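Please look through the sequence and the structure shown below before reading on.

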Amino acid sequence: MSKYFHPGPLLRSAYYGNRWRLKQLLGIKDKPHTDVLSSGMSSAVARYRRICQTLLNNLPDREFMRKAVVSEIGCGDCLAAADMMLALGAKHVHLVEFIPMIVREQHREALESLIADESLPNRGDVLADGDPPRLNADQVTFHEGLLENVRLPEPVDFLYSFDVLEHVEDLDGFFAYCGEVVRPGGLMMHKFDLSGHGQFEDPMPPLDFQTMPRWLYECAFPKYNRAVGNFADQFLASMKKHGFIDLNIIPIRVAEERYLDEVWPHLRTEAHRRDKQTVALLDLVVTAKKA
Ligand SMILES: C[S@@+](CC[C@H](N)C(=O)[O-])C[C@H]1O[C@@H](n2cnc3c(N)ncnc32)[C@H](O)[C@@H]1O
């Protein structure tokens with residue numbers, strides 16, 4: 001057995017994955033959960049700050065945001081990025097998320113830390129004044145569902161996501177709708193993470209999960225409850241297919257050359273149809289323009 005195959009983490013993933021699969025089959029609904037906020041205020045603020053800073057540093061054009069209609073896909077429980085887009089001048093933000101959004105006092109508390117951070121433009125506009133905390137309905141609308149199934153009420157100038165694309169099962173449906181809803185000349189920005197998730201994330205080397213044959217991965221990791229395991233070129237091809245041009249690929253993290261050379265012979269067949277540079281892309285931002 002190669003050192004890149006990890007039976008313990010695989011068995012644990014298969015247990016949790018198939019328990020989830022069974023609950024779905026039996027129609028037992030998962031409780032809505034607020035992943036990031038439930039991990040504690042300081043780690044939530046740290047994550048929200050990282051999201052805002054990454055998006056801000058890689059925005060193709062800040063001026064573009066003035067009066068823009070914006071859409072964030074897969075916000076999870078994060079309202080910080082939408083708040084930042086409003087502070088940059090966006091007219092309206094449409095949040096699209098599969099998990100219901102439960103706005104709570106901790107959102108306000110987390111936003112206060114970001115408002116106090118001088119490196120960020122946040123002003124707290126995403127929430128309405130008063131109690132209980134709720135979204136500022138004049139400027140923010142929440143749409144519950146997968147993007148590929150949702151229909152937004154208006155074309156958008158700027159669409160973005162953070163750590164979402166790696167979870168999208170229907171990539172073609174996702175980008176087909178992006179191509180429809182982003183207006184011609186509009187922009188798109190996605191930050192996504194193609195390294196291992198869950199039991200297979202740091203400190204495990206980032207591509208070890210890609211040594212599993214696909215059938216085994218499919219058994220352990222059920223659809224809609226996993227990182228899909230796509231390679232970077234699959235996202236780019238789908239964006240181009242649906243009318244996006246001027247793709248700018250900004251690597252944030254790449255696999256070390258030595259590790260990649262060592263793991264390469266053990267990677268699943270599909271990896272070998274790609275070049276090493278593509279497979280090495282672990283964490284990246286892609287910006288694109290609608291033709
Ligand atoms: C890893 S979480 C990231 C949440 C948040 N962006 C953050 O970075 O904290 C990925 C989120 O994307 C959502 N998601 C995945 N696929 C989606 C899709 N096709 N449309 C809308 N949301 C999606 C999931 O429900 C999940 O909340």
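Asp246 lies in strand S6, where helices (H or I, at least four residues) and strands (E, at least two) are DSSP runs numbered from the N terminus. The model is a predicted one, in which local features need pLDDT of at least 70 and side-chain atom pairs count only at pLDDT 80 or more, while totals for chains, interfaces and linings use all residues. Residues are numbered from 1 along each chain as its sequence is written.

Asp246 has a positive phi of about 50°, although this residue is not a glycine. Most residues other than glycine have a negative phi, and most peptide bonds are trans. Is Asp246 buried or exposed? Asp246 is exposed because 11 other C-beta atoms lie within 10 Å; a residue counts as buried if 20 or more other C-beta atoms lie within 10 Å of its own, as exposed if 12 or fewer do, and as partly exposed in between, with C-beta atoms placed from the backbone. A positive phi, of about 55°, is also found at Asp163, which is not a glycine either. Asp163 sits in the loop between S4 and H5, and Asp163 is partly exposed because 19 other C-beta atoms lie within 10 Å.

The backbone also has cis peptide bonds. One of them runs from Asp131 to Pro132, with omega near -10°, and Pro132 belongs to the loop between helix H4 (105-115) and S3. The peptide bond from Asp202 to Pro203 is cis as well, with omega near 10°, and Pro203 is found in the loop between S5 and helix H6 (214-220).

We can now turn to the sheet. Strands of a sheet pair through backbone hydrogen bonds, either parallel or antiparallel. Here an open sheet of 7 strands has the order S3-S2-S1-S4-S5-S7-S6, with mixed pairing, and two strands are taken to pair if DSSP finds at least two bridges between them. Its edge strands are S3 (140-144) and S6 (244-254), each of which pairs on one side only. From one strand to the next the twist averages 15°.

Strand S1 (residues 69-73) and strand S4 (residues 156-162) run parallel and are joined by 4 bridges, and in S4 the bridge partner of Ser71 is Leu159. S5 and S7, by contrast, pair in the antiparallel sense over 7 bridges, with Leu284 in S7 as the bridge partner of Phe192. S6 and S7 also run antiparallel, joined by 8 bridges, and Phe244 stands opposite Lys290 in S7. S7 itself is mostly covered, since 7 of its 10 residues are buried.

Helices lie across part of this sheet. H2 lies across S4, strand S5 (182-193), S6 and strand S7 (281-290), running at about 135° to S4. Helix H5 (residues 171-181) lies across S4, S5, S6 and S7, and runs at about 145° to S5. For these angles, axes are lines fitted to C-alpha atoms, for helices over the stretch in contact, and the angles run from 0 to 180 degrees between N-to-C directions.

Two residues from other helices can be set side by side. Leu86 lies in helix H3 (residues 80-87), and Leu86 counts as buried because it has 22 C-beta neighbours inside 10 Å. Leaving aside neighbours within four places in sequence, Leu86 is in contact with Val93, Asp125, Val126 and Gln139, where contact means that the C-beta atoms of two residues, placed from the backbone, lie within 7 Å. Ala237, in helix H7 (residues 232-241), is partly exposed because 13 other C-beta atoms lie within 10 Å.

Which residues come nearest to the ligand? Of the 21 residues around the ligand, Gly74, Gly76, Phe98, Leu146 and Leu147 come nearest, and a residue is near a molecule or strand if its C-beta atom, placed from the backbone, lies within 6 Å of it. The elements that give two or more residues to this shell are helix H2 (41-58) and strand S2 (92-97). By class, the shell has 14 nonpolar, 3 polar and 4 charged residues, with Ala, Val, Leu, Ile, Met, Phe, Trp, Tyr, Cys and Pro counted as nonpolar, Asp, Glu, Lys and Arg as charged, and the others, Gly among them, as polar.

Finally, the protein is divided into domain 1 (1-30 + 203-225 + 247-291) and domain 2 (31-73 + 99-144), with bounds that come from an automatic or database domain assignment. The C-alpha centres of domain 1 and domain 2 lie 29 Å apart.
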